[in-house]
Amino acid sequence: MINKQKTAALTLAAAVLLGSFSGSVHAASSTSAAAAADSVLRNKPLYEVYTAAGTGVSELTNGKSAAAAFREPTSLLYDSGADAFLVADSRNQNLRVVTPSQTATAAGIYIGDDELNSPIGSLLDGSAAEAAFNRPSGLAEDASGAVYVADAENNAIRKITNEGKVITIAGNGVMGSADGSGEAARFYHPLDVAVSGNGVIYVADTLNHVIRQIKAGKVTTLNAASTRIVEYFPGVVEGVGDYEDGPLSQAKFNEPSGLALDAKGNLYVSDTGNNRIRYIDFKTQTVTTVAGGVTGTAINYQTNDPYSAGGYADGNAASAKFQTPRGLAVTPEGGVLIADSLNHVIRYLYKGMVSTIAGTPGEEGRTSGVAGNATLNRPTDVALMENGAFAIADAGSNTIRVVIPYTVPGQLKADGRIHLLYHQNVLDADVAPIIKAGTTFVPLRVLTEKLGFKVKYAGGSAVLEHNGVSYTVKSGSAQIMKKLSSGATETLTLRSATFTSDSRLFLPVRFFAEELGLDVQWLSDTRAVLLRNKKF
């Protein structure tokens, strides 16, 4: 159901909109010495994915964030001061503000529905409550807090001033490709914008396959236009993008759709149609490929294929593979978060290596959980938050997701003892866990009382059972006999043998937790073993 009524939340939304969406980020506390130099890699084992807003239904509904509805949220900004997001709700033709408790319309008027019962877009300047958009997409802010919008189907760049006015600064709704000032400029489905510290606006002019610059009100094109043509059917031809590194004026792109500026003022570009991440160095006026291919190496497009082949692969940046990468965010350490939309994951480029941070590759969904086991659906943007967290515009699931590092319960203090955690619960026992040869052992009683195993004793061995699967263990042995409900058996070998201390049998907690399908992590700062369900 479409919520067409203005509410008190809309007043709140307007107030938040006029603030500065600074999105400052602070590194999380260290949990891994191997990744100590980078907050994202340091937090990777501890990240958890949750839904911040949206039910997944494709509608326009304001109110409580948990019950809100979006239509393809495409881009977002984060305001750390207000703990709120500004979201380009693309197919609802508006901008929304999302707080932990409420979601409201911030800008964009409801005109009516089309024949598919989706809101109609238009081009209209004015106050935030009176302005109209048509598939608003990428968002950016300048140093003063003014917000810029890549208004894709209006083929225009819009600005929301600090006074709450929406104005069109370039383009006039007519599709085309032309430099110039104001209405004289022409764009073709621009999908993203970025703003430098000195107010220069960069535009991913997606279907013109170029990067544009707006400086002192004048639009100029930075790179060469593509001249490549494909013929889909006899007589049916279309101009498509191309690929070339080198001098900026000669470089070519293929549907660039994501932009992010680094600390040097240089520009990362999601070269979506080429499934590559490119980098524009404004000092040297050059373009290089930084992930998804070897810079300067030509792409051999398949005959009449507008795009290069995509895929999925982590590892060395040159050999990494993407599938329609979209929004980007540069971290304080200089890494780049990438919304790898059709792989349904968030990737991370750092010091020449690409890794997957959140989502299950190739699997779409909106399941919450440990980041590597959660599911996303066509993520199109990422925004940095605080303390190592970040947010995702999960366009395909019509939700806003957040990726947050696990936080140790407040009551748990580093006291030199070893602790056992299950999510936010401290699993107390009468005897503390013991580490031997790098393995954490817990008393048998912990597995029975806290993890749900049933135990019986036979022939000097303990038999633990859970959901029809039994494990026979004996003190002093590293061998465990596992028996399935079918009757099939196998012998498993532990890293370290079980043992008895103070008349208690100690067993390896990681082994049994992983047999239950739990995620197991070691928190070095608090000397705790963390157990979590992989999906929430």
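1. A pocket, as the word is used here, is an open set of grid points with protein on both sides within 12 Å along at least five of seven lines. The model is a predicted one, and its second largest pocket holds about 380 Å³ of space.

2. The second largest pocket is lined by 23 residues. Those closest to the pocket centre are Leu191, Glu255, Thr272, Thr324 and Arg326. Sorted by class, the lining of this pocket comprises 13 polar residues, five charged and five nonpolar.

3. On the domain level, the protein chain splits into domain 1, residues 46-405, and domain 2, residues 419-533. Between the C-alpha centres of the two domains the separation is 46 Å.

4. The interface between the domains involves four residues of domain 1, which are in contact with six residues of domain 2. Together, domain 1 and domain 2 bury about 370 Å². Carbon and sulfur atoms carry 58% of that area. On the domain 1 side, the residues losing the most area to domain 2 are Leu46, Glu48 and Val370. These three together account for 95% of what the domain 1 side buries.

5. Polar terms at the interface can be listed briefly. Two residue pairs are in polar contact between domain 1 and domain 2, with both residues at pLDDT 80 or more. The side of domain 1 that touches domain 2 consists of three nonpolar residues and one charged residue, with no polar residue.

6. How many salt bridges does the rule find across the interface of domain 1 and domain 2? The rule finds one. Arg532 forms a salt bridge with Glu48, and their closest N and O atoms are 3.0 Å apart.

Definitions and conventions: Residues numbered from 1 in each chain as written. Predicted model: local features only at pLDDT ≥ 70, side-chain atom pairs only at ≥ 80, totals over all residues. Heavy atoms only, no water. Domains from an automatic or database assignment. Contact = heavy atoms within 4.5 Å. Buried area = accessible area lost by both parts, 1.4 Å probe. Salt bridge = Lys/Arg side-chain N within 4 Å of Asp/Glu carboxyl O. Polar contact = N/O pair within 3.5 Å; in protein donor to acceptor, adjacent residues only side chain to side chain. Nonpolar A, V, L, I, M, F, W, Y, C, P; charged D, E, K, R; others polar. 1 Å grid on protein atoms, 1.4 Å probe; cavity = no way out; pocket = protein on both sides within 12 Å on 5 of 7 lines; lining within 4 Å. Points joined across faces, edges and corners; volume = space filled by probe spheres on them.
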